[in-house]
Amino acid sequence: MTDPLENLSCRVCHSFFIDADVQARCLDCDHQQQPDALRVREIRHYHLTENARLRCRQGFSESGSNEFFGRLNLISQNAFQNLLDWQIQQLRRYPDTPPCSLLALRFSNLEQLLSTPEGQASMDELIERIKDAIRDTDRCSRSSENLLWLLLPHTDRNGVDVLSRRLSDFTSLLAIRDSAPDVQASALTLPHDLLAEEDAPLLIGRLAGEMG
């Protein structure tokens, strides 16, 4: 029976022990000695840059933009279009259904923005402002790196205009910095702006086309 502290085992004799006998071996001459007999010499000093601190705080992902937009609990574009189609069907079948709005945000300088710590900080603030502005029932998705979609149930034209102005006012405040988001917003409100026989893909395509 082994002691609870004996968590190491020899691969040759299978004895259990607490501390291993560590030997330092030179890669050039193969000389071995105890680690405490070695001389400590600093080869190079490293420190975290501002960019690295931002990445550590926000997490890592394959795409730099995912670090920011991912905090909006994005759903897939296919799921987003299905929800929008469902809203369209509700509005056409039941005239008393409350209106909903579709808001598109295009980030024209996203790649340039995410290349600097200052731009990343601005983007971080903007995403937090979007998170605070939308409700739990709203849904977000991306159809491309720089195009964000927001589906806003029970939101009329005045409501989506208020949200657009809030985001525009905030980006104007960020504009005093060298690196600020260049965001273009465009919205449609259903059923008022819905064309005959138009479904979710056609509606999204029309709004994206209007933004250029």
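The entries below go from the whole chain to the sheet, then to the helices and a few single residues.

**Ground rules.** I am working with a predicted model, in which local features need pLDDT of at least 70 and side-chain atom pairs count only at pLDDT 80 or more, while totals for chains, interfaces and linings use all residues. Residues are numbered from 1 along each chain as its sequence is written, and side-chain values use heavy atoms, with hydrogens and water left out.

**Whole chain.** I looked up the secondary structure and found 7 helices and 8 strands in the protein chain; helices (H or I, at least four residues) and strands (E, at least two) are DSSP runs, numbered from the N terminus. I then checked burial, and of the 212 residues 35% count as buried, where buried means under 20% relative accessible area, exposed over 50%, and partly exposed in between (1.4 Å probe, protein chains only). For contacts, meaning heavy atoms within 4.5 Å, I took those between residues at least 6 apart in sequence, and 68% of them join residues at least 24 apart.

**The sheet.** I traced an open sheet of 4 strands in the order E6-E7-E5-E8, with antiparallel pairing; two strands pair if DSSP finds at least two bridges between them. At the edges I have strand E6 (139-144) and strand E8 (183-190), each of which pairs on one side only. From one strand to the next, the twist averages 20°, with axes taken as lines fitted to C-alpha atoms, for helices over the stretch in contact, and angles running from 0 to 180 degrees between N-to-C directions.

**Strand E5.** I went through both neighbours of this strand: E5 (residues 100-107) and E7 (residues 147-152) pair over 6 bridges, and E5 and E8 over 8 bridges, both in the antiparallel sense. As reference points I noted that Ser101 has Leu152 in E7 as its bridge partner, and that Cys100 has Leu190 in E8. How many residues of E5 are buried? I find 8 of the 8, so the strand is largely enclosed by the rest of the structure. Cys100, Leu102, Ala104 and Arg106 point one way from E5, whereas Ser101, Leu103, Leu105 and Phe107 point the other way.

**Aromatic pair.** I searched the whole structure and found 1 aromatic pair. The ring centres of Phe69 and Phe107 are 5.2 Å apart and the planes stand at 75°, so I log the pair as edge-to-face; the criterion is that rings of Phe, Tyr and Trp (its six-membered ring) pair if their centres lie within 6.5 Å, with planes under 30 degrees apart counted as stacked, over 60 as edge-to-face and the rest as tilted. Because Phe69 lies in helix H2 (residues 66-69) and Phe107 in strand E5, the pair ties together parts that are 38 residues apart in sequence. Both Phe69 and Phe107 are buried.

**Helix H3 (77-93).** I compared its length with expectation: H3 has 17 residues and reaches 24 Å from its first C-alpha to its last, close to the 24 Å expected at 1.5 Å a residue, the expected span being 1.5 Å times one less than the number of residues. Its buried residues are Gln77, Phe80, Gln81, Leu84, Gln87, Ile88 and Leu91. Seen down the axis of H3, they fall within an arc of 120°, so they line one face of the helix; the arc is that of the directions from the helix axis to the C-beta atoms. On the other side of H3, I noted Asn78, Gln89 and Arg93 as exposed. The cover over the buried residues of H3 includes E5, E6, E7, E8 and H7.

**Helix H7 (residues 200-211).** I find Ala200, Leu203, Ile204, Leu207, Ala208 and Met211 buried in H7. They cover an arc of only 130° around the axis, which puts them on the same side of H7. The buried residues of H7 pack against H3, E5, E7 and E8.

I checked helix H6 (residues 157-174), which lies across E5, E7 and E8 and runs at about 175° to E8. Arg166 lies in H6 and is exposed, with a relative accessible area of 53%. Asn109, in the loop between E5 and helix H4 (110-113), is buried at 17%. Not counting residues up to four places away in sequence, Asn109 touches Ala180, Pro181 and Asp182.
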